[in-house]
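This report concerns charged side chains and the packing of helices. Please examine the sequence and the structure shown below before reading on.

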Amino acid sequence: MADRLIVPDQLPAWVPGDLTVSSPEEGWSGVSVRGYRYEDSDVEVPPLRDFMIVAYRRGVTDMRRKLDSGWHHERLRPGDVSLLTRAADSHWRWDTPIEVVHVYLTHEQLAATCREMYGREVEDVELHDTIKADDPAIHRAAMAIAQEAAQGGVGSDLLVDSLTTQLSVTILRRHANILFRSPEGPDCLSFRQEHLVRDYIQPHLARRLTLDDLAGSVGLSKFHFARQFRASTGTTPHEFVLRARLDRARLMLERTDTPLCEVAQACGFSDQSHMNRIVKQRLGATPGAIRGRR
């Protein structure tokens, strides 16, 4: 597979366009950038060595991208971002001229940032292949890196290092699956990971919490997370979150005069009736009865 991977400088052989900006000849550590003006195109791209971020700069187009066996379609405009994981074939079609910036992050760069974030050894990182990622922070970082490539100046390397770290952290938090190297012993969350999950749940109880949200708080895929969470806590993530909602509801009922509908909202229940049903089922009394005990 390594012999088939192409590097950023080789991409124009498959995707011809006018080069608008590129990294300095001496290069940067872990990141590179190239900008292009493209006419409407239908191109197949071999697997890339690096992760690719496509930031759309000018032009509005219908973008179709085939990855694995399926075609995906989005209407893309300036400010949008596409993500492509490394080592994956892809096929792109667009019907109007566009100008884009490609930012390439190496596997080593993302893995090193991931190790610093989570304090664990990384086996592999994989981006969510997304034709339209709703993430202005990624677009801003890509444009800032491109500007440094075009203009440079004193301290440019330091600034690009900072922007690369910012970009890597944003991607790892929101747009990546991370496979950590398994430690010796039971397949469970570390002490630090378990506390990160608990610390994430409490300030977010008022909204819907998904398995993806919880897994992302510790940088795991939802499949690895669900298994390791149960091994660590003896319960499922869904049950753990429900208990946290009940604990907050009980405390608010016992210690405040907050209206019941607002208690339900603050604890993440879908409505007051939902809270009434769950509280009665789990705590053996209605919310009104619990409040009346004071």
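Is R49 buried, partly exposed or exposed, and at what relative accessibility? R49 counts as partly exposed, at 36% relative accessibility. In these terms, buried means under 20% relative accessible area, exposed means over 50%, and partly exposed lies in between (1.4 Å probe, protein chains only).

## Basis of the report

This is a predicted model, in which local features need pLDDT of at least 70, side-chain atom pairs count only at pLDDT 80 or more, and totals for chains, interfaces and linings use all residues. Residues are numbered from 1 along each chain as its sequence is written, and side-chain values use heavy atoms, with hydrogens and water left out.

## Salt bridges

The structure holds 13 salt bridges, a salt bridge being a side-chain nitrogen of Lys or Arg within 4 Å of a carboxyl oxygen of Asp or Glu. One of them joins the side chains of R49 and D50, with an N to O distance of 2.8 Å. D50 counts as buried, at 3% relative accessibility, whereas R49 is partly exposed.

E99 and R37 also meet through their side chains in a salt bridge, at 3.5 Å from N to O. Because E99 lies in strand β9 (residues 98-105) and R37 in strand β2 (residues 31-38), this pair ties together parts that are 62 residues apart in sequence. Strands (E, at least two residues) and helices (H or I, at least four) are DSSP runs, numbered from the N terminus. E99 is buried, at 7% relative accessibility, while R37 is partly exposed, with a relative accessible area of 45%. A network of salt bridges links R37, R57, R58 and E99.

E194 and R198 both belong to helix α4 (residues 191-201), where they are 4 residues apart, about one turn of the helix. They form a salt bridge whose closest N and O atoms are 2.8 Å apart. E194 is buried at a relative accessible area of 18%, and R198 is partly exposed at 35%.

## A buried charge without a partner

E148 is located in helix α2 (residues 136-151). E148 is buried yet has no salt bridge, and the nearest side chain of opposite charge, R57, is 11 Å away. For charge, Lys and Arg count as positive and Asp and Glu as negative; His and the chain ends are not counted.

Which residues does E148 touch, not counting residues up to four places away in sequence? They are S156, L159 and V160, where contact means heavy atoms within 4.5 Å.

## Helix packing

Two packed helices are described by the angle between their axes and the distance between the axes. The axes of helix α7 (residues 237-255) and helix α9 (residues 272-283) come within 11 Å and cross at roughly 95 degrees. Axes are lines fitted to C-alpha atoms, for helices over the stretch in contact, and angles run from 0 to 180 degrees between N-to-C directions. α7 and α9 are therefore roughly perpendicular to each other (65 to 115 degrees; under 35 is roughly parallel, over 145 roughly antiparallel and the rest oblique). E239, L242, L246 and R250 of α7 make the contact with I278, V279, R282 and L283 of α9.

The axes of helix α1 (residues 107-118) and helix α3 (residues 156-174) come within 10 Å and cross at roughly 75 degrees. Residues of α1, including L110 and M117, meet residues of α3, among them V169 and L172.
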